[in-house]
Amino acid sequence: MKKTVTTLADGRELIYYDSADDTVRDAVDYRPLDPVSTSSEIRRDPLLGDAVAIASHRQARTYHPPADACPLCPTRDGRLSEIPDDHYDVAVFENRFPSLAGDSGRCEVVCFTSDHDASFADLTEEQAALVLAAWTDRTAALSALDQVTQVFCFENRGAEIGVTLGHPHGQIYGYPFVTPRTELMLRSAARHREETGGNLFDDVIAREEKDGTRTVLTTEHWIAYVPYAAHWPYEVHLHPRRRVPDLTALDGAARTEFPQVYLELLRRFDRIFGPGEPPTPYISAWHQAPFGVPGREDFALHLELFTIRRTSGKLKFLAGSESGMSVFINDVPPEAAAQRLREVASE
């Protein structure tokens, strides 16, 4: 992998990740951009104790542009974009409309491919491996920033999820705090360690593998399963078999096998609802241990992949119980979801 760091016209950082070591990236961003101005701030909810990012400047962000005006496509035929070069493998840049900025953290955009009409599932294993390398490199870089406590790599896919740019891309958030969901997992892991002497994540995986009814896919270095108390209609958790706290700690064997496993899961998701159905909307989220906190060594890196589509043409909405009380009601039994995801395996 070759990494090239440059800047955009307004001073934001842009990083190219290329498979070929001899690739030259010297294109200049000629857009007449004003400096980025953000009003992001973190406010604490005194009742719940969690944090909310207030970012009013995001109201002006690009919203469903036509394909020929996509800001994530390469710069071609006189049309300037966020990527000055006329082609790229993987590109990462600071978000022009960040939810978190300055002392409040950092937000980056990850473009998986220059092909506007592709999706992550269309990538080759070599391309997916390059994205993994970019996620890992950015995790290491952001973890070194004083204002970042936790790094979150994720992809939102589909208009139903709220995606406003159709180009295949994801994002990376560098939070200045430990996120509420991670705090809950750390608390559960600490309680489990105190009560049993074991690791919560290891014991959950051992239980799922022994039971087998919710296991979706197993390989030498990875295991994917639908959790016993899945929140979403179709939800898969993907763990490396060797527990590590974050992407930087993955060994070479797990890295080599990841593209095959992850691409298979994504392609199965697109088959859940049968032929002729539109692509399945999903959120793909890497859960990594925060830095410098108690219990980090007990946390397990894992990816959670889920869709809000519960059946053909119907979505799972977060209504009264979910939004008002944070109590999920799942219409699809996890065992049935796992069975379906086994049925639609690639031939």
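Colleague: Before we go on, what are the ground rules?

Modeller: This is a predicted model, where local features need pLDDT of at least 70 and side-chain atom pairs count only at pLDDT 80 or more, while totals for chains, interfaces and linings use all residues. Residues are numbered from 1 along each chain as its sequence is written, and side-chain values use heavy atoms, leaving out hydrogens and water.

Colleague: Good. Which residue forms a salt bridge with R214?

Modeller: That's E335, with the closest N and O atoms 2.8 Å apart; a salt bridge here is a side-chain nitrogen of Lys or Arg within 4 Å of a carboxyl oxygen of Asp or Glu. E335 is in helix α6 (residues 334-343) and R214 in the loop between α3 (200-211) and β9 (215-218), so this pair links distant parts of the chain, 121 residues apart. Helices (H or I, at least four residues) and strands (E, at least two) are DSSP runs, numbered from the N terminus.

Colleague: And is E335 buried, exposed or partly exposed?

Modeller: E335 is partly exposed, at 32% relative accessible area.

Colleague: Which residues do salt bridges that share partners join into one network?

Modeller: D10, R12, D29, R31, E82 and R96.

Colleague: Nice. How many salt bridges does the structure hold?

Modeller: It holds 28 salt bridges. One of them is between the side chains of R12 and E82, at 2.8 Å from N to O. R12 sits in the loop between β1 (2-7) and β2, and E82 in the loop between β4 (51-54) and β5, so the pair ties together parts 70 residues apart in sequence. R12 counts as buried at 4% relative accessibility, and E82 counts as buried at 7%.

Colleague: What does E13 pair up with in a salt bridge?

Modeller: With R106, where the closest N and O atoms are 2.7 Å apart. E13 belongs to strand β2 and R106 to strand β6, so this pair ties together parts 93 residues apart in sequence. E13 is partly exposed at 23%, whereas R106 counts as buried at 15%.

Colleague: Changing topic: what is the order of the open sheet?

Modeller: The open sheet has 11 strands, in the order β1-β2-β5-β6-β8-β7-β12-β13-β11-β10-β9, with antiparallel pairing; two strands pair if DSSP finds at least two bridges between them.

Colleague: Which strands stand at the edges?

Modeller: β1 and β9, each with a single partner strand, so one side of each has no neighbour in the sheet. On average, neighbouring strands of this sheet are turned by 20° against each other, direction ignored.

Colleague: Which helix packs on the sheet?

Modeller: α3 does, touching β9, β10 (222-225), β11 (234-240) and β13 (302-307), and its direction makes about 70° with that of β10. Contact means heavy atoms within 4.5 Å. Axes are lines fitted to C-alpha atoms, for helices over the stretch in contact, and angles run from 0 to 180 degrees between N-to-C directions.

Colleague: Last one: is β5 mostly covered or uncovered?

Modeller: Mostly covered, as four of the five residues of β5 (90-94) are buried. β5 runs antiparallel to β2 (13-18), joined by four bridges, and four bridges also join β5 to antiparallel β6 (106-111). A91 in β5 stands opposite Y16 and also opposite C111 in β6.

Conventions:
Buried means under 20% relative accessible area, exposed over 50%, partly exposed in between (1.4 Å probe, protein chains only).
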